[in-house]
Amino acid sequence: MGVDELLRHGDAVVVGVVETIGAAVIVVGALWAALRIVVEGLRHRSAAVFTPIRLSLGRFLTLGLEFQLAADILRTAVSPTFAQLGQLAAIATIRTALNVVLRREIAQEKRQVEAGDGPRPDPQPASGGSGGTPG
């Protein structure tokens, strides 16, 4: 077995491991989110409970896609052809666009959650009328 064959075999093993890690991260995130949706859906009937779950799922998806992109880069690292480089460029563009969209959604949802966690105003007016405190 020559050095070139050894590099190709080692690269294939590393690519398989990194792809498996990426897939596992996505599967774990999806299962965790599904479990949380069921548990929180039974406890609370409010749609606001699902926003943190979506945020966490988005983080899992982003991390999983990063691993998948790393595997694609590693796959073309050992003597790439022009066809492989073109495929890598297309895949990297699509996955990067997905990551950008996911990160924007995560940031937007996070801002909404933080804005919603502040003190809520009293639904009844504090001044005048009956039922107020004597002063």
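This is a predicted model: local features need pLDDT of at least 70, side-chain atom pairs count only at pLDDT 80 or more; totals for chains, interfaces and linings use all residues.
E40 is buried, at 11% relative accessible area (buried is under 20%, exposed over 50%, partly exposed in between; 1.4 Å probe, protein chains only). Its side chain meets that of R36 in a salt bridge, 3.6 Å from N to O (a side-chain nitrogen of Lys or Arg within 4 Å of a carboxyl oxygen of Asp or Glu). R36 is partly exposed at 29%.

Residues are numbered from 1 along each chain as its sequence is written, and side-chain values use heavy atoms, without hydrogens and water.

The structure holds eight salt bridges. One of them joins E66 and R103, with the closest N and O atoms 3.1 Å apart. E66 lies in helix α2 and R103 in helix α3 (residues 82-116), so the bridge ties together parts 37 residues apart in sequence. R103 is partly exposed at 48%.

D72 bridges to R95 at 2.5 Å between the closest N and O atoms. This pair links helix α2 to helix α3, 23 residues apart. D72 is buried at 7%. E19, D72, R75 and R95 form a network of salt bridges.

Notes. Helices (H or I, at least four residues) and strands (E, at least two) are DSSP runs, numbered from the N terminus.
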